[in-house]
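I am opening this notebook to keep track of what I look up, one entry at a time.

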Amino acid sequence: MGRFKMENDRLVVTIDDLGAELVSIYDKKYSRELIWQGDPAWWKRQAPILFPNVGKFYGGEYLYQGRHYVQDQHGFARDYVLERVEESPASVTHRLVSNAETRKVYPFDFELYISYRLKKNVIEVEWEIKNQSEETIYFTIGGHPAIHFAKENETKADYRLYFPEKDHLNYILVDIAEGGADPKKVYEMKLEDGYYPLTEELFERDALIFDENQIEEVWISHKDGTPYVGMKCEGFPNFGIWSVKDAPFVCLEPWMGRCDDVGFEGDISEKPGINSVESGGTFEKSYQIIVG
């Protein structure tokens, strides 16, 4: 197990073989680290890949063809050492192949490829899933990069979220007691010129969940509006924004599918927002992290 580095005039980007996780974006222009460094006092991870499920299944398990499977929150890909299959000075691709252990909780044969490409001030992240099963496979997949604040002692109050060309967004929350999203309670986020202030109180009830393809571009900006770190994620139906109380980071999470709704107990093939790939087929999706 090791780490892969790629570098250009602006950035040094480091990917860990464990989970193919993005563990560092070092901005040489301003001499600062942009990725949360995993202090377990708040959150031990940094930017895990969520596969084959984003969030939790209702009741901690899912149903497939009459059998119940127990699966942890956010799946298992983040906990495996992935094989590096392609390397270049400005890109790397890792691969995870299904095995006897994964089949115990996810009864499908697959190959998951995770690629990173560095271009100027942009890191492109691409996922590719190949169905090696004889039947259709079902999954959700998501990103979870945690953006560290620029300076020591900064808090959420020093930053704002910016959603270009938006005047409002709608979000739902996780019902912690029930362990699922509650789509019946919708909250409006009213924006001022596209901006919304970051506060500790915003995350008192866990992640904000934005459904219905609402977010295709979002920025963490300084309080004066100067862009800090942004994300472009066109065609992602779901998006999460999350942090921990008093922690100096915010996670921007592009999701293809999400946690179960409260009370969902149907077959995984019937889950709202589930992705499916037929035997021999391939799924591809990508997003970009942009350094301001």
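**Entry on V186.** I looked up what V186 touches, leaving aside residues up to four places away in sequence, and found N170, Y171 and I172. I note here that the model is a predicted one. I then checked the spacing to one of these contacts: V186 and Y171 are 15 residues apart in sequence, and their C-alpha atoms are 5.8 Å apart in space. As for its place in the fold, V186 belongs to strand β16, which covers residues 180-190.

**Entry on the salt bridges.** Before going on, I wrote down a reminder that side chains of opposite charge can pair when their charged atoms come close. How many salt bridges does the structure hold? The computed total is 15, and I followed up some of them individually.

**Entry on R3 and D16.** The side chains of R3 and D16 form a salt bridge, with 3.0 Å from N to O. R3 sits in strand β1 (residues 3-7) and D16 in strand β2 (residues 11-16), so this pair ties together parts of the chain that are 13 residues apart in sequence. I compared how accessible the two partners are: R3 is exposed, at a relative accessible area of 51%, whereas D16 is buried, at 12%.

**Entry on R10 and D27.** I next looked up R10, which forms a salt bridge with D27, and the closest N and O atoms of this pair are 2.7 Å apart. The two residues link distant parts of the chain, since R10 is in the loop between β1 and β2 while D27 is in strand β3 (residues 21-27), 17 residues apart. Here I found R10 buried, with a relative accessible area of 15%, and D27 likewise counted as buried, at 0% relative accessibility.

**Entry on R258 and D261.** In another salt bridge, the side chains of R258 and D261 meet at 2.8 Å from N to O. I checked the arginine of this pair and noted that R258, at 10% relative accessibility, counts as buried.

**Entry on a network.** Which residues are linked in a network of salt bridges? I found that D17, R84 and E87 are joined in this way, and I close the notebook there for now.

Conventions. Residues are numbered from 1 along each chain as its sequence is written. This is a predicted model: local features need pLDDT of at least 70, side-chain atom pairs count only at pLDDT 80 or more; totals for chains, interfaces and linings use all residues. Side-chain values use heavy atoms; hydrogens and water are left out. Helices (H or I, at least four residues) and strands (E, at least two) are DSSP runs, numbered from the N terminus. Contact means heavy atoms within 4.5 Å. A salt bridge is a side-chain nitrogen of Lys or Arg within 4 Å of a carboxyl oxygen of Asp or Glu. Buried means under 20% relative accessible area, exposed over 50%, partly exposed in between (1.4 Å probe, protein chains only).
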